[in-house]
Amino acid sequence: MESVEHEDTKTNAPSVIDRYYTCWYRADMKGKPCEDHCILQHSNRICVITLAETHPILQNGRTIKSINYQISNGCSRLENKVSGKSKRGGQFLTDFAPLCRITCTDETEYTIYSCIRGRLLEVNENILETPNLLLEKPSTEGYIAVILPKFEESKSITENLLNRDEFENIVSKRSSAQSQPS
Amino acid sequence: MDENTVMLPLKEKDKPIIQKLLSAGCCARCVLRFCCVSVQAAYRKQPEETLKELQMFINDTENDKCQDSVALDSRDDYKSKDAAESETSEDPPNKRAKLETSITDVQSEEEAAAVVKSKDGDSRVCVVCLGILQGLCGTTQAIKIAEAVKAGNYEFDTLVLSVSLPAQLCVREHSCWLYVKKEVREKGLVLDKDDVIQVKEAFKWIMQGMVTKELGGIAVVTKVSPFEVSVEFTHPETDADCHFLAATCPDCFKPTKNKQSVFTRMAVVKALEKIPDAKFLKHYPCPPTQPTSSCSPQVQCLHVSVFVAGRYNKFCRSLPQTPWVIDGERRMESSVEELIAAPILSAFRADGFNFSSSGREDVDVRTLGNGRPFAMELLNPHKSRFSKEQMKQLQETINQSSDKIKVRDLQIVTREAMSRMKEGEEEKTKSYTALVWTQKPIQREDISFIDDIKDLTLDQKTPLRVLHRRALAVRQRAIHSMSTRFLDSHHFYLRLKTQAGTYIKEFVHGDFGRTIPNLCQLLKTDTDILELDVESVDVDWPPPVPE
């Protein structure tokens with residue numbers, strides 16, 4: 001990156017995500033149509049769980065009523081505490097572990113899931129204060145959680161995930177299915 | 001007076017000790033040690049001579065009990081003849097008793113015979129020193145040591161000789177001490193274990209002068225020298241001698257994490273201090289058993305570390321600080337530390353190095369200005385004296401070797417100086433220039449307010465890009481001041497002066513909103529950092545070297 005093309009516009013400059021993260025996807029999480037999650041995997045194996053742009057929450061001008069990290073009587077993701085370099089104490093999650101429940105103003109409810117196995121490092125508390133972040137910047141400031149997979153599993157966790165092309169394939173099949181006369 | 005005629009300051013009370021130890025299989029020099037002889041020259045006598053005199057001394061029944069010390073001269077034939085005669089003499093019993101020599105009622109026929117046998121030459125390996133004070137302690141060994149030193153081709157004025165002995169020597173020493181303890185007590189005297197001259201000391205008394213001679217006069221000092229020549233003795237044959245202590249004093253022997261033996265010298269000494277005499281005698285032979293071989297010596301040279309410091313510039317955006325290796329494969333060619341270290345290692349002829357700096361920058365970041373302070377510990381340098389001129393020359397060599405880095409103020413520093421460098425990492429300020437991209441188009445007026453922001457406090461969560469190897473935490477850091485230089489509608493240069501430990505990249509792009517406030521929020525647009533340069537590291541160490 002010695003010399004920069006100063007005529008670059010927003011379309012040419014690779015973003016932080018483009019430079020350091022790989023996008024993976026899970027479509028129709030737990031069988032629920034279009035509840036797609038996007039997992040941003042950093043080159044250091046840390047994963048950021050976000051909503052894919054196709055997720056229902058981000059459609060039809062929905063607004064958010066509440067976000068709840070209390071997923072059961074005994075477990076709140078907000079109480080997750082990790083300490084030290086080895087991140088001891090973080091809740092260990094499996095693919096279908098719920099991260100939070102989001103209720104929209106039109107009374108629709110959605111559960112966001114972990115999508116991968118690993119140790120929960122943090123959940124995004126900024127969206128509790130400013131739920132709009134989730135709607136406006138779902139791929140960056142509106143992230144849901146940060147998860148650290150086990151070192152041995154850092155490659156294998158992507159086996160169950162779709163890459164960008166595969167995901168776009170599935171999405172395009174949905175639109176064509178919808179446009180079919182029933 | 002040559003060495004062989006030095007006085008052995010032996011006393012009457014030493015006779016039973018000498019008797020018992022010689023018959024037990026101790027060499028002449030070890031016998032001297034147990035007699036607490038602290039005259040260094042006594043140990044430098046030829047062992048055969050020392051043995052002869054010891055034997056003469058104990059067989060000397062003609063000596064008055066009133067005489068305190070005996071001067072022994074190997075040329076005194078009259079005395080030797082007498083000694084020989086008294087062995088086989090048929091003195092009537094009463095005469096012997098009247099003389100009250102050290103030949104006490106304990107002496108038996110066998111002991112006398114054993115003493116006669118050892119007259120023929122001490123070919124047996126000593127049961128205590130395992131040969132260290134016998135054949136392994138003399139001109140041959142001194143020549144070997146000198147050769148090892150010369151082979152290393154070191155630069156030095158003095159050297160210190162250090163000796164490492166196998167732990168079982170303590171056990172054998174303890175056994176011999178118990179063996180003569182009874183004798184000593186019967187005389188109403190006390191032989192404190194600490195009064196016995198240590199094998200190490202005797203070895204050094206003998207060898208230091210010899211090594212000096214073989215090295216043509218280089219002083220072998222006793223206390224401190226930057227150059228250490230260590231002689232390590234091992235004796236696998238008797239390593240098991242210590243093992244019984246693990247059962248009798250288990251709390252002295254903690255299992256080690258490495259595969260190394262748990263029977264360290266320290267642990268064995270501790271156990272011997274604790275174990276009661278009766279218990280020791282139950283588990284270990286007294287006197288110790290006769291070994292069949294001598295110790296094996298190994299000579300190693302080590303020069304104390306030398307520290308070289310300076311400041312470095314980095315002009316390349318694809319150079320890591322340290323070698324970047326994943327799964328045994330190098331991911332990026334070379335590194336800052338390798339480029340700096342190579343010429344220095346070669347000039348100082350060192351075995352290795354430890355590189356540290358006052359903070360560090362990412363692979364893609366340049367370090368401009370007067371550079372970042374660094375210091376290198378050079379391990380076992382074979383050459384350690386360098387003049388200011390030579391250091392300047394070395395600096396020039398480094399700078400000629402690569403256009404990716406440059407060093408300045410290269411100098412030799414003390415070990416203590418390293419802490420000055422590390423304090424910079426925590427306390428001092430740094431300055432940067434970043435090339436910022438903005439998503440929305442901007443004009444000059446849009447960014448001018450940034451120049452007025454002073455002492456902006458950031459809350460930075462551990463950036464995601466380092467979170468895999470750092471603890472998760474929130475760090476408060478200050479940006480003291482900023483200034484901008486407009487470039488075009490989507491780019492500008494941002495200069496920052498910040499507290500040490502501030503993550504600049506994350507301030508610019510926000511790191512998923514985990515650094516607050518961040519430039520995206522201030523400018524109300526997505527921003528990203530395209531380039532970063534370190535302009536200055538405000539640590540005033542090492543002292544500048546005038547050109």
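1. A:Arg164 and A:Glu168 form a salt bridge, with their closest N and O atoms 2.8 Å apart; a salt bridge here is a side-chain nitrogen of Lys or Arg within 4 Å of a carboxyl oxygen of Asp or Glu. Both residues belong to helix H4 (residues 164-179) of chain A, and at 4 residues apart they are separated by about one helical turn. Helices (H or I, at least four residues) and strands (E, at least two) are DSSP runs, numbered from the N terminus. A:Arg164 is partly exposed at 33% relative accessibility, and A:Glu168 is partly exposed at 39%. The classes, for protein chains only and with a 1.4 Å probe, are buried under 20% relative accessible area, exposed over 50%, and partly exposed in between.

2. This is a predicted model, in which local features need pLDDT of at least 70 and side-chain atom pairs count only at pLDDT 80 or more, while totals for chains, interfaces and linings use all residues. Residues are numbered from 1 along each chain as its sequence is written, chains are lettered from A in the order in which they are written, and side-chain values use heavy atoms, with hydrogens and water left out.

3. Over all chains the salt-bridge count is 33. In helix H4 (residues 47-59) of chain B, B:Glu49 and B:Lys52 are 3 residues apart, about one turn of the helix, and their salt bridge has its closest N and O atoms 4.0 Å apart. B:Glu49 is buried at 18%, whereas B:Lys52 is partly exposed at 44%.

4. B:Asp511 and B:Arg514 also meet in a salt bridge, at 2.8 Å from N to O. Here B:Asp511 is buried, with a relative accessible area of 3%, and B:Arg514 is buried at 3%. A network of salt bridges links B:Asp362, B:Asp364, B:Arg465, B:Lys505 and B:Glu506.

5. At the interface, 30 residues of chain B are in contact with 36 residues of chain A, contact meaning heavy atoms within 4.5 Å. The buried area between the two chains is about 2,600 Å², and carbon and sulfur atoms give 57% of that; the term denotes the accessible area (1.4 Å probe) that two parts lose on being put together, summed over both. B:His468, B:Leu472 and B:Phe512 supply 25% of the area that chain B buries against chain A, more than any other three residues.

6. Across this interface there are 4 salt bridges. B:Lys461 forms a salt bridge with A:Glu122, the closest N and O atoms being 3.8 Å apart. On the side of chain B that touches chain A, the elements giving two or more residues are strands S11 (430-438), S13 (474-488) and S16 (527-537) of chain B. S16(B) gives the most, with 4 residues.

7. The disulfide count over all chains is 0, a disulfide being a pair of cysteine sulfur atoms within 2.5 Å. For A:Cys38, the closest cysteine sulfur is that of A:Cys23, 4.6 Å away and too far for a bond. For B:Cys295 it is that of B:Cys129, at 7.9 Å, again too far for a bond. A:Cys38 is buried at 5% relative accessibility, and B:Cys295 is buried at 5%.

8. B:Asn313 lies in strand S5 (residues 306-314) of chain B and is buried, with a relative accessible area of 2%. Beyond its neighbours within four places in sequence, its contacts include B:Thr367, B:Gly369, B:Lys404 and B:Arg408. A polar atom of the B:Asn313 side chain lies 3.0 Å from the backbone oxygen of B:Gly369.

Methods. Polar contact = N/O pair within 3.5 Å; in protein donor to acceptor, adjacent residues only side chain to side chain.
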